[in-house]
Amino acid sequence: MIRATTARDASVIRREALALARFDHPCLPSLLGADLGAKGPWAAATGALTRLGQGAPTLRTLAQGLRLHESFGTDLILVFGQRLASALDHSHHAGVVHGHLSADRVLLTLDGPLLIGWHRSRISDPGAAPAPDRTGADVRALAALLGLLGARTDWHPTGGAHFAPLLTGDDDARAQAVGHELAEEITDPCLSSVLRPFLTLPTRDRAMSAESLLAAFRDRVPRDAFLQPFSWWLPESTRVLIDGARLDLSSRAEPDPNLLRPASLPSSAEVPLVPGRELATDDEDTDVHEPGRRGRQLTKWFRLPGRPEQVPRRGLLRRRKAGARTVIGPVDSGTGHQGRLALVFGGGTRCGRSTVAVQLASAVAEAAPASGRPPVLMLPFHPAANVIGYRMATDERAGYRQVSPGPRVSATISPDALVLSPSGGWVTLKDSNGADFVHQYAPAGQPPPPPRQHRDILSRMRRLGTLVIDYAGGLAPPGPSLRGTFGDVDRLVVACSGDPGQVADTAAELTWLDQHGHARLVSEAVLVLSDVTGTAAAQSGLTEAESRLGTRVRTVVRIPHDPALRDGGLVDFSALAPLTQEAFRTAGRALFR
């Protein structure tokens with residue numbers, strides 16, 4: 001609880017209270033109570049304390065201490081980043097921009113990070129969205145903190161003027177230049193690949209959003225990592241430094257709309273950067289409390305395809321075992337049979353590529369009974385980020401098991417056909433149509449297979465049945481060789497949303513393929529045009545895309561705008577509207593005919 005004794009204190013409390021009143025997220029403080037109209041204005045919010053009742057350590061403190069023992073692992077950085085990106089997505093949709101994200105304003109607890117310091121935030125008027133350059137500056141600052149945790153440089157989030165432009169957002173051109181330097185300093189190439197766009201793009205670029213950062217994390221972070229205790233991902237040395245700090249979760253109820261009564265402030269009121277330190281002029285006295293506007297919790301970027309099978313404990317006790325596991329092996333191990341391969345790619349981001357791959361695999365699986373066809377396997381593949389298949393932790397606390405009661409994987413890929421080293425294996429989760437979505441099933445913290453093994457993994461997986469690959473990357477140089485990576489591709493699926501830039505990029509990719517020995521693939525390709533916004537402009541863009549690209553491919557399929565895809569992302573096929581289902585069935589029938 002903080003009580004104001006001066007006009008400057010009152011302005012700090014007012015801004016902080018108005019921001020926190022809009023939040024309802026586990027990584028953000030919640031307002032418990034406030035009275036801004038009292039003679040001594042006060043506010044109370046949730047916080048984080050150690051076992052001794054002291055304040056939780058900041059990211060700055062933890063980074064200093066941890067570098068004496070070990071570095072942050074990539075998995076920990078990504079899980080940590082996913083939670084903070086979710087917090088920024090929540091605050092931005094609530095109309096609040098932090099504006100001063102730094103290592104001092106992130107507290108670390110066993111329950112997860114807590115983003116504090118909202119006394120200098122920018123709060124939008126009711127119904128207004130924050131300015132894109134300000135939300136973009138928040139996202140770049142977060143990417144910089146994550147990059148510094150994984151950088152080989154001796155500089156870390158404890159100071160240093162060289163990388164300051166990434167955190168302050170004052171000089172966009174300088175920040176972009178420094179961002180390129182930081183991306184080169186990140187030790188793990190996959191982490192560098194994920195963070196590079198958010199370190200180097202202008203803050204006004206539409207890709208500079210917390211939602212885009214969550215999308216970049218989705219395929220790389222283990223499944224349901226956000227729902228697991230944060231302490232699970234922490235190395236022992238980090239737990240010692242955190243000293244048992246926990247979030248105060250005693251009350252997260254929405255505050256009474258009448259709780260906040262704005263107080264009149266003198267025009268000369270100032271807001272301290274950190275209470276008791278340097279001061280900065282408060283030039284925004286237009287903040288309006290909007291109790292009905294809240295941010296978002298888990299969004300579609302946390303959803304992965306496939307549904308775990310539920311094995312009831314009662315049935316397990318009656319049978320005394322969970323039942324035999326389903327094992328996927330080679331279709332014909334004696335002949336080295338290679339199944340059909342469909343490669344789904346798109347020019348640029350927001351083209352609906354992942355959605356097309358997931359729903360297309362489901363439609364192909366639905367077309368024939370499971371007993372009469374080989375398995376239909378689907379997996380994401382992004383070699384630059386070292387993504388090959390979704391990820392799932394084997395630890396008991398992850399909640400996914402192979403033979404125990406509770407959520408259970410659908411099938412195990414035979415270790416004789418495909419081995420995941422040094423430990424773990426490959427499993428699948430099925431959807432309602434019986435498509436198998438491939439996951440790496442390994443202990444938390446185990447790195448994915450290195451890029452040199454990708455070709456062999458894909459070749460072996462192709463022997464198991466029909467393979468649909470969600471490929472994030474380009475087919476023209478500097479992308480990997482098409483034949484060298486995938487072998488003989490049976491069908492190319494081109495995903496596009498009608499955005500002019502996407503259409504131009506896609507046309508360039510198809511031209512390059514035409515000129516380099518892949519003319520048959522282009523002429524027999526399936527072009528899937530997705531209406532991702534449902535606007536008249538989107539329809540016009542799709543028509544233009546069809547006129548430019550449709551003559552170069554064999555089949556064009558339009559996917560109508562579907563709220564289930566817009567709001568839910570990689571939802572099950574059964575959740576789609578009937579027209580959307582039929583469109584994907586049409587694409588599935590055209591795939592291998």
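**Briefing: a strand, some rings and a histidine**

Strand 17 (residues 390-393) is covered on both faces, with Tyr390 and Met392 buried on one side and Arg391 and Ala393 buried on the other. Here, buried means under 20% relative accessible area, exposed over 50% and partly exposed in between, using a 1.4 Å probe and protein chains only. In a regular strand, side chains alternate between the two faces of the sheet.

This is a predicted model, where local features need pLDDT of at least 70 and side-chain atom pairs count only at pLDDT 80 or more, while totals for chains, interfaces and linings use all residues. Residues are numbered from 1 along each chain as its sequence is written, and side-chain values use heavy atoms, leaving out hydrogens and water.

**Strand 17 and its partner**
- Strand 17 pairs with strand 21 (residues 436-442) in the parallel sense, over four bridges; a pair of strands takes at least two bridges found by DSSP.
- Methionine 392 has tyrosine 441 as its bridge partner in strand 21.
- Strands (E, at least two residues) and helices (H or I, at least four) are DSSP runs, numbered from the N terminus.

**Aromatic pairs**
- You'll find seven aromatic pairs in the structure. Rings of Phe, Tyr and Trp (its six-membered ring) pair if their centres lie within 6.5 Å; planes under 30 degrees apart count as stacked, over 60 as edge-to-face and the rest as tilted.
- One of them joins phenylalanine 226 and phenylalanine 302, edge-to-face at 5.0 Å centre to centre with 70° between the planes.
- That pair links distant parts of the chain, 76 residues apart: phenylalanine 226 is in the loop between helix 8 (210-218) and helix 9 (236-242), and phenylalanine 302 is in the loop between strand 11 (279-281) and strand 12 (309-311).
- Phenylalanine 226 and phenylalanine 302 are both buried.
- Tyrosine 471 and phenylalanine 486 are also edge-to-face, because their ring centres are 5.4 Å apart and their planes sit at 80°.
- Phe381, Tyr471 and Phe486 make up one aromatic cluster.

**A charge over a ring**
- Arginine 83 lies over the face of phenylalanine 226, 5.4 Å from the ring centre. For this, NZ of Lys or CZ of Arg must be within 6 Å of the ring centre and within 35 degrees of the ring normal.

**Histidine 25**
- Histidine 25 sits in the loop between helix 1 (7-20) and strand 2 (31-35).
- Its relative accessibility is 1%, so histidine 25 counts as buried.
- The side chain of histidine 25 makes a polar contact with the side chain of serine 86 at 2.8 Å. Such a contact is a pair of N or O atoms within 3.5 Å; within protein, one must be able to donate a hydrogen and the other to accept it, and residues adjacent in sequence count only if both atoms are side-chain atoms.
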